[in-house]
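Me: I would like to take a close look at one part of this structure and the charged side chains in it.

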Amino acid sequence: QLTEKLQDAENDSMAKIAELEKQLSQARRELEALREQLSPPRPPSPPAPQAQECYRLALERRLAELEEKGLVQILRGPDGDVAIEIVPVVIETPAAPVVTGEATVTTTGTGTATDAPAPAPALSPPPAPAAAPLPPPPPPPP
C-alpha cells in the first residue's frame, strides 16, 4: 500500500513537472516574440563575399605587390581593359679582372734566374649586355 502511494505521488510529480516545462517553453516563445516586436529593425547585413570575389581580391593584392616591386607593369586602357606586362629582370655580374703580361721568377742560391711566361688566367664569359626594357605595347583597339 505504501509503495502504491509513493508510486502515485511520483507520477503526480512527473505530470506536474511536464506541465511546468510546457508552460516555461510557451513563456519563452512569447518573450522572444515580444523582443522581436520591440527591437529596432536591423539594417540588412552585407552578403558574405563569394569564393570568386575572394580569389579576385587576392589576385589584385598580389598584382599590386608585384607592381610595387617593379616586376610587372599594369597598363589600363580607357575602356577599362587591363594588360599586364612582365618587366624583364637584368642581372649584371662584375667582370673578372684580366691579367696580361709575363711574370719573372727568380731563385736564390745555386739555381739560375729564369724568365717564364705566367700561366694563362681562366677566362670567364663576358657579361651579357644590359637589355633596355621594352616599351609597353599599344592598347588593343576598341
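How far apart in helix α2 are E65 and R62, in residues and in helical turns? Please also describe the salt bridges of this helix.

Reply: This is a predicted model, in which local features need pLDDT of at least 70, side-chain atom pairs count only at pLDDT 80 or more, and totals for chains, interfaces and linings use all residues. Residues are numbered from 1 along each chain as its sequence is written, and side-chain values use heavy atoms, with hydrogens and water left out.

E65 and R62 are 3 residues apart in helix α2, which means about one helical turn between them. Helices here are DSSP runs (H or I, at least four residues), numbered from the N terminus. E65 is partly exposed at 37% relative accessibility, and R62 is partly exposed at 43%; the term covers values between buried (under 20% relative accessible area) and exposed (over 50%), with a 1.4 Å probe and protein chains only.

Side chains of opposite charge can pair when their charged atoms come close. A salt bridge is a side-chain nitrogen of Lys or Arg within 4 Å of a carboxyl oxygen of Asp or Glu, and this rule gives 3 salt bridges. In one of them, the closest N and O atoms of E65 and R62 are 3.1 Å apart.

Helix α2 spans residues 51–68 and also holds E53 and R56, 3 residues apart. Their salt bridge has its closest N and O atoms 2.5 Å apart. R56 also meets E60 in a salt bridge of 2.4 Å, N to O, and these two lie 4 residues apart, about one turn of the helix. Through shared partners, E53, R56 and E60 are joined into one network.
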